[in-house]
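This report goes from single residues to strands and then to the whole chain. Please keep the structure open alongside the text.

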Amino acid sequence: MQYHLDGFRPGDPDVAAAAPPWRMKGVLPDNVDVLIAGCGPAGLCLAAQLAKVPQIRTMIVEPKQAPMEKGQADGINVRSMEMFQAFGFAEKVKRESVWINETTFWTPDPDRPESIIRAGRVQDVADGLSEMPHVLINQARVHDLFLDVMRQAPSRLEPDYGIKVVGLMVHHDGRDHPVEVTLESTAPGSAGERSTVNARYVVGCDGARSTVRRAIGGALHGDAAHQAWGVMDVLAVTDFPDLRMKAIIQASHDGTILLLPREGGYLVRLYVELDRLHETERVAERGMTEADIIAKAKRILHPYSFEVKDVVWWSIYEIGHRLTDTFDDVPASRKAEQTPRVLLAGDACHTHSPKAGQGMNVSMGDTFNLGWKLIHVLTGRARPELLHSYTDERWAAAKALVDFDHRWSRVIGTREDAGEDQSIPRVQREFVANGEFTAGLTVRYEQSDLVGNAKWQNLATGYPLGMRFHSAPVIRLADAMPMELGHVVEADNRWRLIMFAPAFDRGQSGGQVDALCRYLEDDPGSPLALYRRPGEDVDALIDVRAVFQQGFRDLEFGEMPSLLRPHKGRFGLCDYEKVFCADHKSGQDIFTMRDISRDRGCVIVVRPDQYVSQVLPLDAREQLATIFEPILYVT
């Protein structure tokens with residue numbers, strides 16, 4: 001973590017200096033740059049990014065009167081943990097959460113079908129997928145961590161609780177704030193009172209019954225499984241041996257339980273299969289309660305006892321798999337002349353069962369994709385057309401999730417066929433086969449202005465274009481610090497150019513790394529020159545790093561190119577954290593792990609949301625210069 005750049009800063013380094021407030025507390029503004037509807041994971045993930053840019057006037061509204069305390073989602077996949085690292089709170093989540101290391105599978109006992117036995121177990125996340133664990137933690141705690149980021153950011157952003165969006169209209173007449181939003185109070189004493197706020201952009205993160213979606217004519221399309229499920233967080237006494245493992249339990253006649261240990265060492269969550277529903281029946285019509293969930297759980301867990309001491313939270317729901325046609329307000333026929341003003345994220349545009357553990361993760365993935373794009377546009381870095389890429393990229397990711405969830409929900413609720421291989425339960429086979437998907441690591445954005453062509457993919461096959469930048473261990477040269485290279489990609493809206501040096505390149509004058517650094521630093525046509533504003537530090541928008549094949553004791557920091565030793569801030573202090581070496585100490589060589597060409601090296605362009613934009617040779621000046629042309633404005 002770097003701070004003190006512009007002078008000594010006492011206290012908590014996570015707390016930024018406050019910017020001048022732009023609105024009076026408790027008074028609704030007339031105009032905002034971005035209005036976010038909903039304080040769920042999607043809305044707060046977006047707000048946490050926008051809060052760091054105080055010139056962007058952001059407002060986030062929530063009908064509830066206060067932050068969430070319990071219930072709803074709990075699973076954090078490894079991709080979301082990588083994102084949390086970018087926000088700076090992954091270590092806190094790792095400390096507070098329960099880590100899912102093993103998943104066990106229980107099926108009917110062939111000798112006593114009325115009882116269950118453990119039929120298999122697997123490592124939950126395969127080795128090598130990520131440096132991060134799969135964890136479980138209360139969704140409310142995730143909210144708290146994003147709220148902390150917002151409060152500690154320069155804008156000191158706080159949600160406006162007790163307010164909901166009840167309507168909006170987009171005016172296509174050239175006005176600066178074209179989205180007219182009608183808000184309604186839900187607070188005691190003022191409930192029903194309405195007001196109007198005008199916004200440049202509105203982002204609907206307001207759930208499956210989204211008012212924002214309906215206002216732009218959107219609808220969820222899909223189907224329902226007509227199956228009731230109950231979920232409960234409980235404190236219980238039991239002799240079931242896998243209470244602190246993730247367990248998928250299938251009884252012969254009574255249904256299925258997905259059991260998940262929760263943080264704190266004692267709490268446990270159970271998703272319990274309840275009753276089939278008729279085609280036109282809604283789950284609320286059955287009048288089921290937590291007592292029905294507990295009774296069913298006891299039957300499924302036989303012969304093990306299960307005595308519930310306290311029900312912390314419970315809910316009964318019906319599985320649905322639904323997706324909107326688009327994530328913004330621009331009809332397909334008007335994309336050439338109109339850019340998005342209203343966008344959707346999370347459950348407002350895709351719904352699915354909670355059993356794959358993807359809902360909160362994909363929702364945050366939506367707004368992590370959107371946040372830097374909105375910031376680029378609102379700060380004048382990028383063309384508004386950039387926002388078209390949000391629907392282009394995230395609709396496909398959501399479609400893959402809905403399709404997967406459709407299949408997985410049926411696997412969870414299906415018993416083994418008589419002629420099927422019984423040595424490994426079907427659910428276990430499917431679980432292993434879909435491990436990368438449930439880890440959140442199969443999202444791959446297609447070739448576009450943001451993802452280049454694969455002409456030079458052979459230079460780094462471990463960094464597939466359009467997929468997340470897969471971290472690996474390195475040693476920082478200046479201080480011999482072992483660390484993960486991926487952790488340099490923070491949620492700060494910057495692009496990264498990461499150079500991987502050829503075998504005999506030591507950063508010396510005349511070498512390929514030096515030549516590329518000189519071009520980037522001195523050539524007026526280089527991306528650093530074209531998109532850097534007067535007075536900005538050299539890495540304000542595009543952050544250049546380098547990784548060498550030699551050990552950290554074999555190189556000298558002082559001999560590195562000046563671009564890798566930049567002097568920044570008002571005092572011109574040197575940044576010592578741009579140069580890394582392969583980790584020969586642990587034997588985890590990033591060049592081997594990610595199949596990077598040792599002879600030629602390469603440069604990898606990484607987007608602000610941690611996805612690989614392009615892989616290029618170190619001497620591909622023209623291609624590097626043109627990458628940003630369709631995206632960014634020249635200063």
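## Basis and first residue

Contact means heavy atoms within 4.5 Å. The model is predicted, so local features need pLDDT of at least 70 and side-chain atom pairs count only at pLDDT 80 or more, while totals for chains, interfaces and linings use all residues. Residues are numbered from 1 along each chain as its sequence is written, and side-chain values use heavy atoms, with hydrogens and water left out.

Thr104 is found in strand β5 (residues 102-108). Helices (H or I, at least four residues) and strands (E, at least two) are DSSP runs, numbered from the N terminus. Thr104 counts as buried because its relative accessibility is 0%; buried means under 20% relative accessible area, exposed over 50%, and partly exposed in between (1.4 Å probe, protein chains only). With neighbours within four places in sequence left aside, the contacts of Thr104 include Arg118, Gly120 and Arg121. Others among them are Asp242, Met245, Lys246, Ala247 and Ile248.

Ile248, one of the contacts of Thr104, stands opposite Leu258 in β14. Strand β13 (residues 246-250) runs antiparallel to β14, and four bridges join them; two strands pair if DSSP finds at least two bridges between them. The two strands form a hairpin with five residues between them, and Gly255 in the turn has a positive phi of about 110°.

On its other pairing, β14 is joined by five bridges to strand β15 (residues 268-276), again antiparallel. Pro261 stands opposite Val268 in β15. This hairpin has six residues between the strands, and Gly264 takes a positive phi near 100°.

Strand β14 (residues 256-261) is mostly covered, with six of its six residues buried. Thr256, Leu258 and Leu260 lie on one side, and Ile257, Leu259 and Pro261 on the other; both faces are covered.

## A three-strand open sheet

An open sheet is formed by three strands in the order β3-β7-β4, with antiparallel pairing. The edges are β3 (75-76) and β4 (98-99), each with a single partner strand, so one side of each has no neighbour in the sheet. Two bridges join β4 to strand β7 (residues 135-136). The bridge partner of Val98 in β7 is Leu136.

## Asp595

Asp595 lies in the loop between α13 (590-593) and β26 (602-606). At 44% relative accessibility, this residue counts as partly exposed. Leaving aside neighbours within four places in sequence, Asp595 is in contact with Leu459, Ala460, Thr461, Gly462 and Ile590. Asp595 and Leu270 are 325 residues apart along the chain, and their C-alpha atoms are separated by 42 Å.

## Whole chain

The chain has 14 helices and 27 strands. For 635 residues, a compact globule would have a radius of gyration near 26 Å, and the chain agrees, with 26 Å; the radius is taken over C-alpha atoms, and the globule rule is 2.2 Å times the number of residues to the power 0.38. Along the principal axes, the C-alpha atoms fill a box of roughly 75 × 60 × 50 Å. Of the 635 residues, 56% count as buried. Among contacts between residues at least 6 apart in sequence, 72% join residues at least 24 apart.

The accessible surface comes to about 26400 Å², of which 49% belongs to carbon and sulfur atoms; areas come from the Shrake-Rupley method with a 1.4 Å probe, and for residues only the protein chains shown count as cover.
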